[in-house]
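This report examines a protein structure for a reader who is new to the subject. Please consult the sequence and the structure shown below while reading.

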Amino acid sequence: MSTMAKDDPIAVEDQGLFFRRIVDLSPALIHTGRSDGYLDFFNQGWLNFLGQPQEKLLGWQWTSFIHPEDVEAFVEKWRESIATGEGFEGTARVRRADGEYRWMLHHKLAMRGDSGKIIKWHGSSVDIDGQKRAEKQLLKSTQELQRSEAYLAEAQRLSHTGSFGWKPHTGEIVWSDETYRIFEFDCGTKPTLDMLVERLHPQDRAFFQQIIDRASQTATDFEHEYRLLLADGRVKHVHAIAHALQDASGNREFIGAVTDITERKTAEENILCNERELRTLIDVMPAYVGTCLPDGTADFLSQNWLEYSGQTIEEAMGWGWAGALHPDDADRVLANWRAGLDSGEPVEMEFRCRRADGTYRWFLDRNLPLRNDEGKIVKWYGILFDINSLKETESALQMREHELLGIIETIPSMLWSVSPTGATTHLSQRCLEYCGVPLEELLNRGWESFIHPDDLKETVAIFARAISSGESYRAIHRLRRANGEYRWHHAMGEPLRDPRGTIIQWYGLTIDIDERKRAEETLRKSERELRTLIDVMPAYVGTALPDGTADFFSQRWLDYFGQTREEAMGWGWAHVIHPDDVDRVVANWRAGLASGEPVEQELRCRRADGVYHWFLNRNLALRDDEGKIVKWYGILFDIDVLKKTESALQSREHELLGIIETIPSMLWSASPTGETTHLSQRFIEYFGASFEEIINRGWETFIHPDDREETVKAFARAISSGESYTPIQRLRRADGEYRWHHSMGEPLRDPDGKIIQWYGLSIDIDERKRAEDHLRDTRIKLAKASRLATVAELAASIAHELNQPLMSILANAQAAKRWLNAAPSNVTEVNSSIERTIRDARAADETMQHIRALFKQETLVKKDVRIPDILNEVVRIVQEDPKKRAVPVECHFDEPLPPVPVDQIQIQQVFINLIVNAIDALEGQQVAPLVTVRASVTDSDRMLVQVIDNGPGVHDPEQIFDAFMTTKKKGMGIGLAVSRSIVEAHGGQLWAENSKTGGAIFNVTLPLCHAGFTTA
């Protein structure tokens, strides 16, 4: 100061004013205070900032301009500095003259006298609001980056897909955590090509090296599969794909993904194994199987057909199979086949085919078309049965059998029921009409009085024995008709038991068999339908090890022959063979085991009741890829009926009736107008209700509500048109469980073609339907895994693009903080750092806009479509998932609705996403779940589609459309963001809102094309 006084032209008394002016002109906010903390001066910068005169700030008045949330802590810290004399540094928000609070960094230092006592406090304040905002934004960006990285890692883990980077010029390899898990290396291990090659299966190393060499030399993308041989001997299948990049220096780099596909490979191998077993079963069937294209050209024939006809596979394909037809049958067969191709109806016919040795044999041919969802035929399936033995029997036998089937199908039976003690409780109207008396008179006289005297004693004894023992009632006797004529009848009865096994009622029927008894020639009626019964007759299946020891028999085998599973295994099955046949059969079987050739022979086997029946046995070997036999498959057909003479026909007919009763299906009949006239015992036991109760309630009440309307329509259509009845629906069992059944019904017509009765059966296909649902789940999971893999690649790309600007933001923010903490603070450098931070933040934003533009600029293939068609298809696709099927989806469309120009695939994905989200939101809700889809025209040029649920609604209707924002535990948070991008790319809008009555509403508007209206 003394120097200034000597050299400066300013007088000493003016120097105070001079320094005051410098302080006022300083860009810093400066103030001073007394030793007790009383602030006695604020420079002009402070006064301009606060918009207040000096006197409004002196003392402690300045504290009123500190933000209410900061003032208490700020003043307390200032008082601590006053008490200790230590320098003060703190941040607080200060209200500017325009009312805005801005963050300020405050410094105060004590000025001491010679004695060390504080005589003055000098302070300055710096506006750090921009820095604070940058730090907040940086923290948010860092958190978003960390969350994105976490999403990526979880997506890779769930999809078993890892990522990698490889720089050929340096040899550097980078793996994600999932890649380490796939190759089963410790994450601390630095990956190298040599280490990877060492883990490869020896047979795949050369191929892998070729791929790597070509990629490093040509810098082209590559994709391949290979196997890993792990230390414990396990083999993994891996699929790798990589994309080549080039940096600014011209160096090449590969970015790729590697997926563990071991489960897929295992599934493929299982499918191939199952296919081999299926072909083996086809080959051992006593029939010849083939398939044709929609134009009738054969594309597959079973091996046993080729062996029979002596044709090669090349000769038989196309229309070559017709060369084996008998010349007298060829024109008729080909004409019928072409007519079936034109009509699309099943084709059934008989003809003769030439065997390899030149002999012609009769065959029954059946062909059935397979249609796609649009009803278009995509394949024909045919099967050929050798019926030569049936054709060669006497013509009289054919006529009797034809008539027998007619009697069985028309079932002129009389139904009855009795109490556990044998007292009659019900007689059908047919029974009363036959006897010609009312129910009261028949009960008074007793049913025994209508039985022929010669049959009375035996019939009563059989009935009493059934009542006392609880065994089935079977009796054949003559019954007197109303006109006094006696006619032969077959009476059958079965007990109905409660859950404890106590008989609570007997139900039975009496079938008129007088025509069969009186004249055998009337027993023949329909050779074709007899063959149908023969086709469904049970066969007995077993398998054996390569050494011939049996390791499996079907339950039907065990039940028929009366053996336990332990008794039949190994060679125990030979004990049921007739003593006169056993040596020959065993010798032939051992010869087949030694040669590996198929074994076919006839033999007699003892049934559980001791009766011997003739059987045809066929055995075929299953070989592995090396031709080694790994299994023998055998099938046993009862051919006793072909071995019996005509004199045994009546016994065989009786047995046939018993077999029909054991058919594993539920039989029914109805009148020409559709009234139920008969339900088999198996049907009544399944429903757990009496025949009368089923009639009173209506069979429709036992159908699942979702299937009821369609089934009733199909039945009404069949009754009115006379066409076959073949619906598939769920039926409620006695225990309340619904099971899938395939119902089939056919009309019986008189010689004039008039329907006189309907007969049908219902087959339990629940296991097949469950298998189809399981397969559909597998496909959904595979599709989900594919989508997750795609998301993983997208996340990796976004993380790579944003990494550099975000790291620059972090570095500049840290630099600004260091410049502010310097003593004194370097405001110029702080401003520079903040400007660079803003620049890099804008760069990051531009990168995100560029990525979003990539989605928006995707080429759309638009065409005019009907929105109701798209929405109905979306609902169908969603409800194919068994887990989504439980939530009802109702569709309401205004009529008529105009067409809308859209990319059908993309818009369909939008509505799938919205409906699936709505269903997921209803999980765990107390109210009955419901999703409603509405479509209407809001004005002259827009259509509004709404997806409405009755769930909890959405917390933030706008935030849910942000990328990676999700409310699901396993969601990725990009579905709604991508959906909005797709809708906006179509010129529409997508937004969400909460319903006043509860639940959420997602709205989609799309522009109309004004091409005309169509009826929805």
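Which residue forms a salt bridge with Asp36? The partner of Asp36 is Arg34, and their closest N and O atoms are 3.8 Å apart. The model discussed here is a predicted one.

## Salt bridges

Another salt bridge joins the side chains of Arg355 and Asp357, at 2.9 Å from N to O; Arg355 is partly exposed, at 27% relative accessibility. Arg876 forms a salt bridge with Glu873, with the closest N and O atoms 2.6 Å apart. Both of these residues, Arg876 and Glu873, lie in helix H30, three residues apart, which is about one turn of the helix. In an α-helix there are 3.6 residues a turn, so residues three or four places apart point the same way. Arg876 is partly exposed at 38%, and Glu873 is partly exposed at 29%. Elsewhere, a network of salt bridges links Arg733, Asp735, Glu737, Arg739, Asp764, Asp766, Glu767 and Arg770.

## Helix H12

Helix H12 covers residues 327–343. Its 17 residues reach 25 Å from the first C-alpha to the last, close to the expected 24 Å. Asp329, Ala330, Val333, Trp337, Gly340 and Leu341 are the buried residues of H12. They line one face of the helix, because seen down the axis of H12 they fall within an arc of 110 degrees. On the other side of H12, Asp328, Asp331 and Asp342 are exposed.

The cover over the buried residues of H12 includes strands S11 (287–292), S13 (347–354), S14 (360–371) and S15 (377–386). Just after H12, Gly344 has a positive phi of about 80 degrees.

## Helix H22

Helix H22 runs over residues 582–595, and its 14 residues reach 20 Å, close to the 20 Å expected. Which residues of H22 are buried? They are Val585, Val586, Trp589, Gly592 and Leu593. These residues lie on the same side of H22, because they cover an arc of only 120 degrees around the axis. Asp583 and Ala594, on the other side of H22, are exposed.

The buried residues of H22 pack against strands S21 (540–544), S23 (599–606), S24 (612–623) and S25 (629–638). Gly596 follows H22 and has a positive phi, near 80 degrees.

## Nonpolar cores

The largest nonpolar core has 40 residues, and those with the most contacts inside it are Ile867, Phe911, Leu914 and Phe1002. Elements giving two or more residues to this core include helix H30 (867–878), helix H32 (904–921) and strand S37 (1000–1007). H32 supplies the largest share, eight residues.

Residues touched by Phe1002 include Leu914, Val945, Ile960, Leu976 and Trp991, not counting residues up to four places away in sequence. Apart from this core lies another, of 26 residues, among them Phe164, Ile182, Phe222 and Val238.

## Confidence in the model

The protein chain averages a pLDDT of 82, and 81% of the residues score at least 70. Confidence is highest in H12, at 95, and lowest in helix H1 (residues 2–7), at a mean of 40.

Over residues 525–537, pLDDT stays under 50, and the model has 35 contacts for them beyond four places in sequence. Over residues 1011–1016, pLDDT also stays under 50, with 20 such contacts.

Terms used: Residues are numbered from 1 along each chain as its sequence is written. Side-chain values use heavy atoms; hydrogens and water are left out. Helices (H or I, at least four residues) and strands (E, at least two) are DSSP runs, numbered from the N terminus. The expected span of a helix is 1.5 Å times one less than its number of residues. Buried means under 20% relative accessible area, exposed over 50%, partly exposed in between (1.4 Å probe, protein chains only). The arc is that of the directions from the helix axis to the C-beta atoms. Contact means heavy atoms within 4.5 Å. A nonpolar core is a set of buried Ala, Val, Leu, Ile, Met, Phe, Trp, Tyr and Cys residues joined through side-chain atoms within 4.5 Å. pLDDT is the predictor's confidence in each residue, from 0 to 100. A salt bridge is a side-chain nitrogen of Lys or Arg within 4 Å of a carboxyl oxygen of Asp or Glu.
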